[in-house]
Amino acid sequence: MDTFECVLVLAEYRNMTKAADQLYLTQPAFSLRIQRLEKELGIQIFDRSTRPISITPEGQAYIQGMTRIRNEEEKLKYKLNEIKGKSGHTFRVGIGFNRGRYWLPELMPLLQHKYPEFDYQFQEATDQESEKLLKSADLDFGITGSFSIVDGLTSIELGQEDIFVGIPPNNEILKETGNLSQYTIQNPFKIDIKALNGQTIILGRTSYGLTRHMNMLFSMSNVTPGRIINIGNGETSYQLAAKGIGITFMFSSYHVSPIEDETLRPVPCILRDFPLRRNVYLICSLARADSEQTRNLVDSIKQLFYCEHRAVFKKT
């Protein structure tokens, strides 16, 4: 790693110890790198007297200028490789654990059929992990449920997916709702977001796109769950909700294992005042954004999951 990467990480975390941990450096070694760079430049990049650490005006100018330079370097390298015919035929793509389970059986055969000259290799990664792997050039693309704000990366919108609240049929929220079997993905039951106050909520790891999305929504709505259970597997979460363990979330694009007993299935619900819908993105480096391979991947994903005739995602 170079010192500029240290600068970017410290600019993100605004804490010397946390930034050092992210790069697997000791705090003294990390601090020394920053100090040497500041001495070399003759400026102070960070104001360490504030809590959290702040970026000085000179530091802002340095980071912006260096980011532009790095982006241009990446574009030039990519262009030169294309000219030499050595841009490579293998593309590494990060995809979420649950999304990959349901998307890849359709996406991979399509890519192999349309672009047999290219090898698309997929690996499971959370949104946050995909961003880090893209920054370190260990991935070429990431399919995520959250917009990336990481310097040097860009987000290309693929489409939208609806999110349903899966509530156990014996939950107090569903009292006096009548025949629960009438509520389906096509005809969900409507609830107020405040009904989730104090409820046990099943979410994935904090780096998962859905978890980021829901935590932001809870904060905006002043909703405080009673307990959070972190389960990364969508099918497991669905089964737990069926057993009355907690409330889970379901996507219009994901399918779950059927539960034979109709009365035990989590009831699909939507929030009355907060439509639960999120964008899906393809993220990549700025240098790769306009490449043919990027367009191929975007077109293939849209063909499979966002064409009107497929209706995988609800248009509500």
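A polar contact is a pair of N or O atoms within 3.5 Å; within protein, one must be able to donate a hydrogen and the other to accept it, and residues adjacent in sequence count only if both atoms are side-chain atoms. The model is predicted: local features need pLDDT of at least 70, side-chain atom pairs count only at pLDDT 80 or more, and totals for chains, interfaces and linings use all residues. Residues are numbered from 1 along each chain as its sequence is written, and side-chain values use heavy atoms, with hydrogens and water left out.

View 1. The side chain of T211 reaches the backbone nitrogen of G204 at 3.2 Å. With a relative accessibility of 2%, T211 counts as buried (under 20% relative accessible area; exposed is over 50%, partly exposed in between; 1.4 Å probe, protein chains only). Apart from neighbours within four places in sequence, T211 is in contact (heavy atoms within 4.5 Å) with L203, G204, R205 and T206.

**View 2. The largest nonpolar core.** A nonpolar core is a set of buried Ala, Val, Leu, Ile, Met, Phe, Trp, Tyr and Cys residues joined through side-chain atoms within 4.5 Å. The largest one has 26 residues, and W103, L107, Y120, F122, I143 and I301 have the most contacts inside it. At least two residues each come from β3 (90-95), α5 (97-114), β4 (119-124), β5 (141-144), β12 (277-285) and α9 (292-305). The largest share, six residues, is supplied by α5. A second, separate core of 24 residues includes I163, I191, I201 and L217.

**View 3. Aromatic pair F4 and Y62.** Rings of Phe, Tyr and Trp (its six-membered ring) pair if their centres lie within 6.5 Å; planes under 30 degrees apart count as stacked, over 60 as edge-to-face and the rest as tilted. The structure holds seven aromatic pairs. In the pair of F4 and Y62, the distance is 5.9 Å centre to centre and the angle between the planes is 85°, an edge-to-face arrangement. F4 lies in helix α1 (residues 3-13) and Y62 in helix α4 (residues 57-84), so the pair ties together parts that are 58 residues apart in sequence. F4 and Y62 are both buried.

**View 4. Aromatic cluster of F91, F118, Y120 and F141.** The ring centres of F91 and F118 are 5.5 Å apart with the planes at 70°, so this pair is edge-to-face. Because F91 lies in strand β3 and F118 in the loop between α5 and β4, the pair ties together parts that are 27 residues apart in sequence. F91 and F118 are buried. Not counting residues up to four places away in sequence, Y120 touches F91, V93, M108, L111, Y115, Q293, N296 and L297.

View 5. In α8 (residues 234-242), the residues E235, S237, Y238, A241 and A242 are buried. The buried residues of α8 pack against α5, β6 (153-167), β8 (200-203) and β10 (248-251). After α8 comes G244, with a positive phi near 85°.

Terms used:
Helices (H or I, at least four residues) and strands (E, at least two) are DSSP runs, numbered from the N terminus.
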